[in-house]
Structures are given as structure tokens and as C-alpha cells.
Amino acid sequence: MFTGVRKRDGREVVFEEGKITEAIFKAAQSVGGEDKQTAMELTIDVLRYLKNRFNGHVFTVEDVQDIVEKILIEKGHAKTAKAYILYRDKRTRIRETRSEMMDAVAVILRETSRENANVGNSPSAKILQISEVASKEYYLKRVIPQEQTEAHISGDFYIHDLAWYGKTTTCLQIPLHKLLGEGFNNGHGYIRSPKSIKTAAALSAIILQSNQNDHHGGQSFGFFDRDMGVYVEKEFERQEKILRESLEKLGVQVEEEKFSQLVQERVEDEVFQAMEGFVYNLNTMHSRAGAQVPFSSINLGTDTTRGGRMITEKLLKAYEKGLGKGEAPIFPNICFKIKEGINYYQEDPNYDLFKLSMQVACKRLFPNFSFQDASFNSIFEDEVAYMGCRTRVMANINGPEVTDGRGNLSFTTINLPRLGIKAKGDLSVFWSSLDKIVELTIKQLLTRYDFQKRLKVKDFPFLMGQKLHLDSEDLDPEDPIEKAIKHDTLSIGFIGLAEALIALTGKHHGESQESQGLGLSIINHLRRKCDEASKKYSLNFSLLATPAEGLSGKFVSKDREVFGEIPGITDKEWYTNSFHIPVDFKIGAIQKINIEGAYHKLCNAGHISYVELPSAPTNNIEAFESIVQAMYEADMGYAAVNFPVDICKECGFNGVIDTEVCPACGTSGKISRVRRITGYLSTLEMFNDAKKAEEKNRVKHMEI
């Protein structure tokens with residue numbers, strides 16, 4: 001009767017009327033029907049309608065389905081019609097998902113996604129990102145409740161690391177002293193406790209790499225100087241033994257003072273080489289099937305022992321030296337701890353290391369600085385370590401308030417500018433909508449936690465199998481991990497406070513005291529909601545100043561589509577990170593520090609602030625120190641100083657290079673431009689378009 005039917009992809013295939021009968025019969029069966037004869041009769045009605053309507057012309061699959069629905073309803077089969085419509089809708093959504101997924105795969109195959117500036121462009125990186133596309137679609141369409149899925153897709157909030165939603169957690173402060181002291185197994189045999197500093201350093205890098213394969217976020221050592229200092233002392237013993245035996249064999253006697261000096265020199269050389277190897281490893285060892293180097297952070301600066309001080313000194317000097325041609329290391333993210341009585345004042349025992357840290361930062365951007373005397377850090381007995389771009393994990397409603405063995409489980413970020421735009425200046429509307437989205441965000445984090453807590457120890461062969469996590473010591477491979485991860489944090493993040501304030505008051509907090517007051521009220525309100533959720537659910541809900549790398553462009557793009565181009569809000573390619581003053585707003589360094597400093601104590605899951613300089617202040621360490629002191633006095637927890645770092649990959653020249661030609665060697669086209677992106681370092685070419693635009697518009701806060 002019919003020659004063919006046109007499928008959705010445009011192909012014309014043989015028409016099979018039996019497929020209509022089968023579809024009608026399956027719909028009828030789903031509501032209790034068992035009469036296939038009726039399905040066949042209805043098929044005849046459908047065929048008759050097709051003949052009359054199309055009169056021999058080719059029709060589409062969609063045409064057939066529309067007519068089936070029409071016939072079912074007209075013939076009184078309402079329940080069957082409803083089942084058919086629902087099945088058709090389900091199939092449509094599956095097809096759309098496949099189509100969207102294939103489009104995304106096609107883009108990745110052309111160019112690796114730049115959502116993460118430190119993921120490479122290797123074949124394994126592409127395969128990883130393709131699998132992430134499929135994983136995201138699965139969780140959004142099959143796992144996450146519809147209301148939460150819609151909030152993510154529409155841009156009301158953003159579920160970070162969605163591809164890893166129900167399979168892992170975010171990050172960890174690794175108890176290095178435990179692993180090195182007791183030994184560990186990374187899957188291919190037991191590795192015993194090291195006897196030398198070089199071995200200890202090499203194993204430390206392996207630990208970071210191994211744990212990265214169990215986590216999608218960052219890995220950190222909270223007490224690197226303290227934990228590695230032990231192996232400096234072992235190195236002293238080893239070198240002393242080696243030297244004495246060598247001198248005895250030669251029959252040579254050396255004065256004890258000279259002997260001690262020789263041992264000291266040999267140990268210092270060994271420690272420097274160990275730290276240099278550590279830096280090299282963390283910039284070349286790959287994890288996640290070769291897709292990236294580990295997101296590593298190292299905290300140090302407050303250990304005053306001989307070994308701890310030497311670790312800090314040699315790591316900083318190795319980092320300052322750079323890689324083979326003087327290139328800037330991207331990892332590790334070095335966090336230098338500042339504390340009165342330890343290194344802040346000239347008379348403090350580690351002040352020389354503080355000076356060295358600033359010298360290195362003036363060349364390499366790292367270290368960042370964490371302030372142990374901040375009002376919200378000094379209250380803890382244990383030192384507070386930061387990791388990655390800002391993450392902080394300390395208070396614990398379920399156990400000890402410690403750094404080691406704890407991390408962040410997951411975080412979801414609220415789109416503050418959208419709430420401000422929708423409120424149209426009405427604060428009562430804003431507060432009401434803020435509470436609603438916060439409640440939904442809490443629900444989302446709890447939904448995710450319910451998946452995470454059911455994961456088993458065997459799902460984390462290194463993280464849980466080697467007992468890195470607090471309270472994981474007594475867990476067996478088949479045990480769920482909830483006992484351990486209840487100590488971690490669930491974080492509510494936020495982005496675009498500045499744009500939200502412009503929508504509500506016409507000015508951001510850098511322009512107006514009134515807006516600053518409202519900004520603090522908003523973030524304080526969010527913090528209270530987190531604290532209330534912690535008590536209600538006995539979990540560590542905390543507030544995060546979101547590191548929005550890919551997100552800053554995603555949110556503004558979605559909002560521009562909905563609300564159009566709004567001056568000061570959606571008229572640029574990015575939303576401002578967390579509570580920061582907009583990067584293109586002209587403001588002095590001290591004023592910026594004082595305004596942003598007030599938010600640090602509210603964001604207990606993590607925070608960071610920056611000051612932008614036009615160039616490296618290499619010849620003005622005093623000015624650099626004055627900036628760090630201002631950050632300290634403003635009660636900041638974590639902060640850094642930014643400036644351009646341009647490096648010739650041919651000769652290693654380091655400075656501000658305005659052209660593509662190296663001023664030292666004359667080589668063209670080999671300039672690497674290192675910049676900070678949401679806390680980490682990366683080369684500018686790896687930034688996504690929104691972040692490139694943001695970096696280009698950064699104003700300088702201080703001339704040096």
C-alpha cells in the first residue's frame with residue numbers, strides 16, 4: 001500500500017505496518033489490555049487515515065505517531081492513548097539525549113573542552129571527557145530528582161563535577177606522615193617506609209598521583225615540612241654513616257667541626273635534589289588515565305625544626321629555579337602558612353623562610369599565603385591547611401576538628417545574579433527566592449550524599465584501602481564508607497555577588513557602602529543556612545566562595561538568553577567569582593583587601609582574594625610584604641598576589657613580554673604566558689573564552 005516512510009534522520013525505509021500493531025499492543029498491555037485483535041483493527045484505521053491524508057506521498061515516522069494518537073483517542077482507548085503518548089515522549093527524550101551527547105562528543109573530538117585549564121589535549125583526555133558527557137546525561141536523566149535536574153540545566157544552580165556524581169568524592173588532605181611512616185600499597189605491591197629523603201620525596205609524589213585516581217578534585221599535604229622533616233633527620237644519619245665509613249676506609253681523620261660541615265653540605269644537596277625531583281614529578285606524572293597531572297597542594301612554613309626548615313627552604317628554592325629551561329612549574333600549589341611567633345615578625349625563627357617565600361612568589365606567583373592567626377583559623381588547636389584554589393576543611397560536627405584525613409564531598413553553586421535580576425530591586429522577593437534555592441541546594445547535596453555514603457571501601461582502592469581517611473581504619477573492603485565521609489564537608493557555593501548587588505541596588509560592593517552592607521548580609525545569611533543544615537542533618541554543611549572556572553561563563557550565557565543584555569550584569573562574558581570586586585573595576589589594593597577581607601570568615605568551606613600588579617615586584621620585596629601584611633590585618637584566611645609571568649620556552653627568559661618575540665634570545669612564537677585561574681596556575685592558551693576575556697580586563701590594583 002505504501003512505498004516507504006521517512007525516518008527522523010531523513011532516510012527513507014520500507015514501511016512495516018506490523019510495527020504500528022506492535023506499538024499499540026504494547027501500550028495496551030501496559031494498562032492491562034491483552035486483545036491483539038483490537039490492536040490490528042486500530043492499525044487498519046491508522047492505515048486508512050494515512051492513505052486518505054497523504055494520497056501516495058511519502059510520510060514521516062512523526063506523521064504515523066500523530067495519527068496513532070488521534071485514532072486511539074477517537075476510538076475511545078484513552079488509557080492506551082495516554083500510555084502510548086508517555087512511551088513516545090520517553091523515546092523522544094532518549095533520542096534527544098543521544099543527539100545532544102553526540103553533538104558534545106563531536107565538539108570534544110575537534111578540541112578538548114577547556115572547562116578545566118589543566119586538562120591536556122591528549123587522546124586519553126578526549127576519551128575521559130567523552131565518558132564524562134555520557135555520565136552527566138545518565139545522572140541528569142536517570143538519577144537526580146527532576147526538580148534538581150531542572151535547576152541545574154536552567155542555571156539556577158550548578159552541580160559541580162557532575163560526571164563523577166555518585167562514584168567518588170572531591171578532595172583530601174592526605175596524612176603523609178602516616179603513609180610514609182607505615183608504608184603503603186598502591187596496587188602493585190607493598191612499599192615500605194623510606195630510608196632517605198629522595199625516596200621519601202618520590203613516594204610523596206606517587207601518593208598524590210595514586211589518590212588522584214580515586215578523587216576528581218585536589219590532593220594536598222597539610223604539613224609537608226613537618227612530615228618530610230623526619231626524613232631529613234634520617235638523611236643526616238645516613239650521610240653521617242656513609243661519610244664516616246668512607247673516611248675510615250681511606251684512613252683519613254677530619255676534625256669534628258669539619259666533619260659536621262661536610263655532612264650538612266651533603267644533606268642540603270640531597271634535600272634540594274629531592275625537592276627538585278618532587279617538583280619535576282608533579283609537573284610530569286599523569287593520573288586519570290594520563291589526562292592530567294595531579295591537582296596537588298603543599299602546605300608548609302611553620303615547622304621550626306632543623307628538618308622542617310630545610311624542607312621549606314629547599315622546596316621553595318627548587319620551585320624558584322623552575323623546570324628544565326626555567327619554565328614556571330604549574331604544580332604543586334604551594335600554600336605558605338603565616339603565624340605570629342613563628343614567621344611573621346623579623347625576630348620570629350622562620351621569618352627568613354617567609355622572606356624567601358615572598359622572593360619566590362615574586363617570580364613564580366606561588367606560594368599563596370594562609371593566615372593561621374585569622375579569627376576563624378586561630379580558634380582550632382590544629383593548624384588550618386588550604387588546598388587547591390581555596391578549599392578549607394576544619395570544623396567537624398561528627399568528630400575531631402583536624403586537617404589530615406578529611407576533605408570536601410561535593411559542592412553546588414547558586415547563581416546569585418539571577419536571583420538579583422528576578423527580584424527587580426525588591427529585596428523581599430530576593431530573600432524569599434534565595435531561601436527557596438538554598439533549600440533546594442541542600443536537598444541536592446543530601447541526594448548526592450545518599451549515593452556517596454553507600455559506596456564501598458573497595459570502590460576506593462587507595463583512598464580507603466590504604467586508610468587515608470579519618471575513621472576508615474576499621475573498615476573492610478565490603479563496608480560502606482559513610483563512617484569515614486561523615487567527617488567531610490558538603491558545600492554550598494555562590495557566584496556573582498557583585499552582579500547580584502548591581503541588580504538590587506545599582507552598585508556593587510566596591511562602589512557603595514550600602515551595597516557592601518547588603519553583600520555581607522547576603523553571605524552571612526547563606527552561612528547561617530549552612531550552620532542550620534549542619535545541626536539539622538548532623539553533616540558538615542559549609543559555605544564556599546566558588547572557584548568558577550567554566551561556570552562564570554556558563555551562568556552569564558544562560559542569563560543573557562533569558563533576560564537579555566543588562567549593563568553591569570550580563571553585558572560581559574563572565575560573572576565575578578564569589579565575593580570578589582569585579583576585575584575591571586579600578587580600586588586600590590588596600591581598599592580591595594579591606595572590602596573582601598570581611599567575607600573570608602563567612603566562607604568556612606574556602607575563600608581566596610587577590611591583588612593584581614602590573615609586573616613581578618622582584619626588586620621591591622618590601623612592597624610585596626606590605627600587601628601580605630594588609631591581608632593579614634584584614635582578617636583574611638587565604639590570599640595571593642597576581643602579575644603576568646611570561647617565559648620564553650627556548651631560553652627561559654622570565655618577565656613581561658608584550659610581543660611574541662623573546663627580548664633575550666630573539667626566538668619568535670615560543671612565549672608561555674602563565675596566569676592564575678581560580679587559584680591554580682595555567683598557561684593562558686588553556687583558558688576558556690570567558691576566562692580569557694576576564695583576564696584581559698583585569699585592572700592593576702597597585703603600581704610597584
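A salt bridge here is a side-chain nitrogen of Lys or Arg within 4 Å of a carboxyl oxygen of Asp or Glu. The views below come from a predicted model.

View 1. The side chains of K198 and E270 meet at 3.7 Å, N to O, inside the 4 Å limit. K198 is partly exposed, at 34% relative accessibility. E270 counts as buried, at 14%.

**View 2. E74 and K70 pair within helix α3.** Their side chains form a salt bridge of 2.8 Å, N to O. The two residues are 4 apart in α3 (residues 61-74), which means about one helical turn separates them. E74 is exposed, with 52% relative accessibility. K70 is partly exposed, with 33%.

**View 3. R675 and E695 belong to a salt-bridge network.** The R675 and E695 side chains meet at 3.2 Å, N to O. R675 lies in strand β21 (residues 671-677) and E695 in helix α21 (residues 689-696), 20 residues apart. R675 is buried at 8% relative accessibility. E695 is also buried, at 17%. D646, E660 and R673 are linked into the network with this pair.

**View 4. R392 is buried without a salt bridge.** R392 lies in strand β13 (residues 391-392). The nearest side chain of opposite charge is E401, 8.9 Å away. The R392 side chain instead reaches the backbone oxygen of F376 at 2.9 Å. Beyond its neighbours within four places in sequence, R392 contacts several residues, including N377, F380, Y386, N604 and H607.

**View 5. Helices α12 and α20 cross.** The axes of α12 (residues 351-364) and α20 (residues 621-633) come within 10 Å and cross at roughly 105 degrees. That makes α12 roughly perpendicular to α20. On the α12 side, the contact is made by Y351, F354, K355, M358, Q359, A361 and C362. I621, F624, E625 and V628 supply the α20 side.

**View 6. The whole chain gives the setting for the close-ups.** The protein chain has 21 helices and 22 strands. Its C-alpha atoms fill a box of roughly 110 × 65 × 60 Å along the principal axes. Of its 704 residues, 57% count as buried. The structure holds 40 salt bridges. Among contacts between residues at least 6 apart in sequence, 71% join residues at least 24 apart.

Notes:
Residues numbered from 1 in each chain as written. Predicted model: local features only at pLDDT ≥ 70, side-chain atom pairs only at ≥ 80, totals over all residues. Heavy atoms only, no water. Buried < 20%, exposed > 50% of the residue type's maximum accessible area, 1.4 Å probe, protein only. Lys, Arg positive; Asp, Glu negative; His and termini not counted. Polar contact = N/O pair within 3.5 Å; in protein donor to acceptor, adjacent residues only side chain to side chain. Contact = heavy atoms within 4.5 Å. Axes fitted to C-alpha atoms, helices over the stretch in contact; angles between N-to-C directions. Parallel < 35°, antiparallel > 145°, perpendicular 65-115°, else oblique.
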